[in-house]
Amino acid sequence: EFTHLISFNQKDRLHGVSDDVWLSEARAEYAAGGDLGQRINQFSQKPSDSLAIWNGEEVDYGIVAIFTQYLVEKYGEGILSDSLHAKKTGVDSLDEALSKAGVNKSFLQIFNDWAVAVSLNSCSLGDVYCYKNSALANLRIAPNLVVLPSTGKTNLSLNYSLSPWSSSWYRFIGSEGDLKLTFDFDPKALFTLKYILCEIKDGCKVFDFDTDGSLKKELTINNFNQNYSSLILIPSVKPRFSNVASLGDVYSFSVLAQTSNEPSQAVQ
């Protein structure tokens, strides 16, 4: 509560602005140093909960605590304090604080890295894809499983939705030959996508799939089942023309998974 008083003084009294509730709660959570075990359980109940929409529910406390631990571990406590002193609010204040600290990443890029970290939590893939805090070392979100038929051609249409500043996780296995994924995105939102390819012999690798703001994109994995044990898709979303998330905002997207079941000669 003392942290909330400081936030009110810095934002409302000195700058005449009200900070986003989720960010004020994130600072308070970190300052209080609460029970991470409890926050992990709350986060695990609904990992696709929006970071930036605050309903005062247990899952809201879970995601802001788990994310803020990641943000501070990777980029320092100064990010929180500088955002507190900024005239800007919410995500915009964090972007300003990151730039001031010389971090060559936007808040959106960091959010996407974090979505991978809570899925794999493996430092072998890079420091940004894991927690080094021992209390969070075993945190892993199990992705939703999508099993592709092993025979015949596949045309599987999947429809999903996300709230702004949230992520989801989908693990594709099975099939033969090439795997082609066609994405259709809600025009009101900016979708970003990371994917993880786990090779049968050499472990997993993380890739950025540049949606470049398009409403429709394609991703093809050649010889999918021959070379890879799984593909994990991790989409994230934010409002297209703002960093502000509003209660009730939901953005839809669809994935059409097509397989030829005839292995190609080239490997992507």
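**A sheet and a cavity**

Let's start with an open sheet of 4 strands, which run in the order S2-S10-S5-S8 with antiparallel pairing. Its edges are S2 and strand S8 (216–221), each of which pairs on one side only. Going from one strand to the next, the twist averages 20°. Keep in mind that this is a predicted model.

Now zoom in on the S8 end. Strand S5, covering residues 179–185, pairs with S8 in the antiparallel sense, and 6 bridges hold that pairing in the assignment.

Next, the empty space. Rolling a probe the size of a water molecule over the atoms shows where empty space is left. With a cut-off of 30 Å³ or more, a search of the whole structure turns up 1 cavity. The largest cavity holds about 30 Å³ of space.

So which strands each supply at least two residues of its lining? They are strand S2 (154–162), strand S4 (170–174), strand S9 (228–239) and strand S10 (251–259).

Residue by residue, the largest cavity is lined by Leu-158, Tyr-160, Tyr-170, Phe-172, Leu-233, Pro-235, Phe-253 and Val-255. And what does that lining look like by class? It has 8 nonpolar residues, with no polar and no charged ones.

Technical notes
Residues are numbered from 1 along each chain as its sequence is written. This is a predicted model: local features need pLDDT of at least 70, side-chain atom pairs count only at pLDDT 80 or more; totals for chains, interfaces and linings use all residues. Side-chain values use heavy atoms; hydrogens and water are left out. On a 1 Å grid over the protein atoms alone, a cavity is a set of points where a 1.4 Å probe fits but cannot get out, and a pocket is an open set with protein on both sides within 12 Å along at least five of seven lines; lining residues have an atom within 4 Å of a point. Grid points are joined across faces, edges and corners, and a volume is the space filled by probe spheres set on the points. Ala, Val, Leu, Ile, Met, Phe, Trp, Tyr, Cys and Pro count as nonpolar, Asp, Glu, Lys and Arg as charged, and the others, Gly among them, as polar. Two strands pair if DSSP finds at least two bridges between them. Axes are lines fitted to C-alpha atoms, for helices over the stretch in contact, and angles run from 0 to 180 degrees between N-to-C directions.
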